[in-house]
Amino acid sequence: MPLPPNRTAKITAVGKYLPERVITNFDLEKLVDTTDEWIRTRTGIIERRQVGDGEATSHMATAAARDLLEKRQIDPEEIDCIIVATVTPDMFFPATACLVQNNLGASRAWGYDLSAACSGFLFALDAGARMIESGSSTKVMVIGADTMSSIIDYTDRATCVLFGDGAGAVLLEACEEGNEGILDSILRCDGSGAEYLCMEGGGSLHPPRAETVAGKKHYLYQDGRIVFKYAIKLMADITAEVAQRNGLKSEDIQLFIPHQANQRIIDASVERLGLREDQVLSNIDYYANTTAATIPLGMADAVEQGRLKPGDNVVLAAFGAGFTWGGIYLRWSEVF
Ligand code: ACO
């Protein structure tokens with residue numbers, strides 16, 4: 001149900017990080033049997049970023065967090081909690097959030113990782129918002145970061161063209177007025193979809209062995225057609241549901257920031273909401289699918305481009321492995 005209108009969590013700062021290395025569609029043409037034309041028309045992607053040697057998720061997450069702290073002009077000691085949404089942690093344990101906490105010198109913070117694939121940032125944003133609402137925390141950092149290149153098989157044309165690396169971060173603080181910030185969220189999962197989008201190897205079911213490596217079980221696997229079918233329907237459904245139960249008509253939404261998996265999936269949600277192009281944030285062309293990072297990267301780009309002002313109604317939506325999906329409605333605030 002919509003949250004009580006007394007104390008909500010608002011986003012007060014946004015940060016981002018993208019690795020320098022650019023991988024174009026033409027670069028991928030040299031690796032697999034694909035074409036720039038196929039990738040552009042089927043997905044909307046032109047290029048993506050890839051980490052440098054030795055660069056991992058914690059490094060990107062830390063860089064996005066530092067960008068945010070600089071913009072907000074606060075010390076890392078002020079952070080109460082760091083949530084990192086990721087499916088590509090540096091290691092199984094310790095959590096990437098602990099590594100980020102140490103890198104930042106956020107000496108008062110606790111933190112944890114959250115695994116919900118492409119919906120990870122929305123799930124983490126909701127968790128962070130509840131901490132603020134409960135009064136248990138005053139400053140929560142929510143980061144979406146993924147090094148998809150570390151789990152991609154660059155001989156598989158069906159998946160290697162789709163993903164990129166990146167990180168985005170937001171800071172949540174209390175909003176006493178209750179008429180701005182994160183106002184509603186609908187989050188779902190359905191594990192019957194697990195087999196269609198997963199990385200089987202390395203966990204307790206298929207521990208790392210010579211056979212799991214030979215069987216390519218440490219790479220992302222996706223049945224693209226099935227995932228597409230669910231993504232296109234469920235993301236559009238949940239976007240419409242969150243808009244409807246908050247009484248938002250198409251003209252009331254200033255910006256829709258969807259997960260960036262495929263331009264055709266975004267278009268289906270946009271059509272359902274009846275939005276114009278200028279009401280939609282799309283950056284899949286230059287970043288591809290950065291999994292948990294797509295939505296905070298979208299927010300950071302929107303802020304940089306001056307596309308958000310206090311009072312704007314913003315709708316976020318995502319769909320990903322699990323299956324997981326969700327929609328969040330927020331009223332934008334003054335953001336650094
Ligand atoms: N280059 C050229 N041809 C290709 C490529 C490629 N890179 N990839 C697939 N093809 C071929 C296929 O082999 C197939 O050929 P065939 O007809 O001879 O068998 C043909 O193109 C069409 O394949 P489809 O899979 O039907 O292509 P589709 O239009 O569905 O696009 C895509 C594939 C882009 C993967 C799409 O299905 C998709 O976007 N799926 C959903 C992705 C998603 O939302 N994932 C969730 C988030 S990710 C996460 O949570 C980690």
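Colleague: What should I know before reading the values?

Modeller: This is a predicted model, where local features need pLDDT of at least 70, side-chain atom pairs count only at pLDDT 80 or more, and totals for chains, interfaces and linings use all residues. Residues are numbered from 1 along each chain as its sequence is written, and side-chain values use heavy atoms, with hydrogens and water left out.

Colleague: How many residues surround the ligand, and which are the closest?

Modeller: A residue is near a molecule if one of its heavy atoms lies within 4 Å of it. Here 28 residues surround the ligand. The closest are Thr34, Arg42, Cys118, Arg225 and Asn262.

Colleague: Which polar side-chain atom lies 2.6 Å from a nitrogen atom of the ligand?

Modeller: A polar contact is a pair of N or O atoms within 3.5 Å. That atom belongs to threonine 34. Arginine 225 places a polar side-chain atom 2.6 Å from a ligand oxygen. For arginine 264, the distance to a ligand oxygen is 2.8 Å.

Colleague: How much of the ligand does the protein bury?

Modeller: Accessible areas come from the Shrake-Rupley method with a 1.4 Å probe. Alone, the ligand exposes 1,000 Å². The protein buries 78% of that.

Colleague: Which element gives the most to the shell?

Modeller: Helices (H or I, at least four residues) and strands (E, at least two) are DSSP runs, numbered from the N terminus. H8 gives the most, with five residues.

Colleague: How do the shell residues divide?

Modeller: Ala, Val, Leu, Ile, Met, Phe, Trp, Tyr, Cys and Pro count as nonpolar, Asp, Glu, Lys and Arg as charged, and the others, Gly among them, as polar. The shell has 15 nonpolar, eight polar and five charged residues.

Colleague: Now the sheet. What is its strand order?

Modeller: Strands of a sheet pair through backbone hydrogen bonds, either parallel or antiparallel. Two strands pair if DSSP finds at least two bridges between them. This open sheet of five strands runs E1-E7-E6-E4-E5, with mixed pairing. Its edge strands are E1 (8–17) and E5 (110–114), each pairing on one side only.

Colleague: How many bridges join E4 to E5?

Modeller: Five, and the two strands run parallel. Isoleucine 83 stands opposite tyrosine 112 in E5.

Colleague: What is the phi of glutamine 73?

Modeller: About 55°, a positive value, although glutamine 73 is not a glycine. Glutamine 73 sits in the loop between helix H3 (57–72) and E4.

Terms used
A polar contact is a pair of N or O atoms within 3.5 Å; within protein, one must be able to donate a hydrogen and the other to accept it, and residues adjacent in sequence count only if both atoms are side-chain atoms.
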